[in-house]
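Here is a short report on one protein chain. Look at the sequence and the structure first, then read on.

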Amino acid sequence: MSDFNNFKNIITPTEWKEKLYVEIEGLSETTVRRRRLPLTATAVLILAIILSTTVLAVSIVGGYFIQLFTNKAKSSGGVYDYMNVEQLSAISGTTIGTVIETNEIKIEVMDVISSGNMAMVMLRITAKELQSVLFDTGYETLMNYRFESEIDGSLLKNMEQTSVRYYYSEDDPTLADNQFEILYTIINHNEFEADTYSIMLENFGYYVSNGTALVMKPLYKDKWKFKLELTDGSKYSRTFLIRKPVTVNENNFMLENIKITPMSSTIVLSYNLHNKDVMEAFSSEVGSISVTLSDGTILSEEDFSYVIMSGKDGADKPVSAFVINISYDLPISAELVKEFYIFGETFSISN
């Protein structure tokens, strides 16, 4: 693990095969839990969303996320009457299909959606000169061809939380051996406006050890930048001003607002304290989180993942606030959310 910290803080849990980038000042010791990862007050976090590995049987570009979530619900065998995939078509972007094709690499946008402060993009990469992108260098956490950088571009600016996950043919049998997919899930500080955004990928290759750190060995040393058209981010999302005092472990906070989109919820709590231990006190008292819908359905931590963040705003300025970002496993209807249970207290939403 020390190799990762010596090279851009790259951490890739074996069971996820995904990158975590963390830019931290004075990070104190924290504990990684299955569903949450608390960080200290000056952290800017890009956290990988936890997704189960399921077969993504999609035969056409466009409507990709609809099929992905439908397949996921079917494969799990559960009852998900609350799932709403129809609205995904209304919040889909207009950029679908091939965006870059060179002699070496083909990049396709399989699907893109945006709602409120959340956006999701799925890319399919074909390495045209390779028989397979599955390449074992002896490091289980970085065993396949990938990009050295995939978090550049205007779509990734002003982000609060961004996940980047790779899928290979060993995860999805519908992919050819020389293909892989990259799933972006982005939670922004502000709502996404209908506009043109960009993503830039850089240096295609694999990681090897130089004896002291993991370093990229590029097969193609290049930059690939392309544009995406997103729709109005306010569709099918809601923001509620709460302004309710909350006491957490004898510390006073103000629950400022809650933003709800089909794929995420963002809970913002402010405070006036300058206590370095406030993050530990906050995260230790969160307790179980649940979300109640208007039909009585209760979504528990088996139905979403979440992360606690604090530190800087979209302008990179320190703020006295904590943010709890919830990422739903399946799409919901924002207008059906009625209550959030957190800190052992219920907070109602007035629709």
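## Overall build

Of the protein's 351 residues, 56% count as buried (buried means under 20% relative accessible area, exposed over 50%, partly exposed in between, with a 1.4 Å probe and protein chains only). This is a predicted model: local features need pLDDT of at least 70, side-chain atom pairs count only at pLDDT 80 or more, and totals for chains, interfaces and linings use all residues. Residues are numbered from 1 along each chain as its sequence is written, and side-chain values use heavy atoms, with hydrogens and water left out.

The secondary structure consists of four helices and 20 strands. Both are DSSP runs, numbered from the N terminus: helices are H or I with at least four residues, strands are E with at least two. Take the contacts between residues at least 6 apart in sequence: 65% of them join residues at least 24 apart. Contact here means heavy atoms within 4.5 Å. The accessible surface comes to about 15,200 Å², and carbon and sulfur atoms hold 47% of that (Shrake-Rupley method, 1.4 Å probe; for residues, only the protein chains shown count as cover).

## Salt bridges

The structure holds five salt bridges. The term stands for a side-chain nitrogen of Lys or Arg within 4 Å of a carboxyl oxygen of Asp or Glu. R124 is buried at 12% relative accessibility. E181 is buried too, at 0%.

D152 pairs with K157, with the closest N and O atoms 3.7 Å apart. D152 is partly exposed at 27%. E345 and K244 meet at 3.3 Å, N to O. E345 belongs to strand β20 (residues 345-348) and K244 to strand β12, so the pair links parts that are 101 residues apart in sequence. E345 is partly exposed at 28%, and K244 is partly exposed at 34%.

T292 lies in strand β15 (residues 290-293). T292 is buried, at 17% relative accessibility. Beyond its neighbours within four places in sequence, T292 contacts T297, I298, L336, V337, K338 and E339.

Y341 is placed in strand β19 (residues 337-342) and is partly exposed at 33%. Setting aside residues up to four places away, Y341 touches S288, I289, S290 and T346. The C-alpha atoms of Y341 and S288 are 7.6 Å apart, although 53 residues separate the two in sequence.

## Positive phi angles

N158 has phi near 60 degrees, a positive value in a residue other than glycine. N158 lies in the loop between β7 (146-152) and β8 (159-168), partly exposed at 26%.

R243 also has a positive phi, near 50 degrees, and is not glycine. R243 lies in strand β12 (residues 238-248) and counts as exposed at 52%.

## A negative patch

E191, E193, D195, E229 and D232 form a patch of negative charge on the surface. Patches take residues with over 30% relative accessible area and no salt bridge; like charges are joined within 9 Å, nonpolar side chains (Val, Leu, Ile, Met, Phe, Trp, Tyr) within 5 Å. Asp and Glu count as negative, Lys and Arg as positive; His and the chain ends are not counted. A charge is placed at NZ of Lys, CZ of Arg, CG of Asp or CD of Glu.

E229 lies in strand β11 (residues 214-230). E229 is partly exposed, with a relative accessible area of 32%.
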